[in-house]
Amino acid sequence: MEGVRYLSDDREVVKLLVSDSVNGHHTLLAASSPLGRLLSEMSIDETVSHGMLDIKLLERLSPYAAVSNIASN
């Protein structure tokens, strides 16, 4: 489990990557999903096209830091 902060077409997003399949919560992203796999394989500051979106990985976060960041927004 880890957190990621990334840009999705210039919109900053923080998600918690989890190992299990998740349904319904916008802050969780299954690491096995296409976007989860992409983010797991990316390097910091790397930009990759994902469908029609440009995804730029800004930083990897500890689970605690990600949850704290999500809660403060």
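Glu-12 is partly exposed, with a relative accessibility of 47%. In this predicted model, its side chain meets that of Arg-5 in a salt bridge, at 3.2 Å from N to O. Arg-5, for its part, counts as buried because its relative accessibility is 19%, just under the 20% cut-off. Arg-5 also pairs with Glu-59, this time at 2.7 Å from N to O. Glu-59 is partly exposed at 27%.

The whole structure holds three salt bridges. Another of them joins Glu-2 and Arg-60, whose closest N and O atoms sit 3.1 Å apart. Since Glu-2 belongs to strand E1 and Arg-60 to strand E5, this pair ties together parts 58 residues apart in sequence. Both ends are partly exposed, Glu-2 at 23% and Arg-60 at 31%.

Glu-12 turns up again in the lining of the largest pocket, along with residues including Arg-11, Lys-15, His-26 and Asn-73. This pocket has about 170 Å³ of space. Strand E2 gives the most to its lining, with five residues, and helix H2 supplies at least two. By class, the lining comes out as three nonpolar, four polar and three charged residues.

Helix H1, residues 34-41, has Leu-35, Gly-36, Leu-38 and Leu-39 buried. These four lie on the same side of H1, because they cover an arc of only 160° around the axis. What they pack against is a set of strands: E1, E2, E3, E4 and E5.

Note on methods: Residues numbered from 1 in each chain as written. Predicted model: local features only at pLDDT ≥ 70, side-chain atom pairs only at ≥ 80, totals over all residues. Heavy atoms only, no water. 1 Å grid on protein atoms, 1.4 Å probe; cavity = no way out; pocket = protein on both sides within 12 Å on 5 of 7 lines; lining within 4 Å. Points joined across faces, edges and corners; volume = space filled by probe spheres on them. Nonpolar A, V, L, I, M, F, W, Y, C, P; charged D, E, K, R; others polar. Buried < 20%, exposed > 50% of the residue type's maximum accessible area, 1.4 Å probe, protein only. Arc of directions from axis to C-beta. Contact = heavy atoms within 4.5 Å. Salt bridge = Lys/Arg side-chain N within 4 Å of Asp/Glu carboxyl O.
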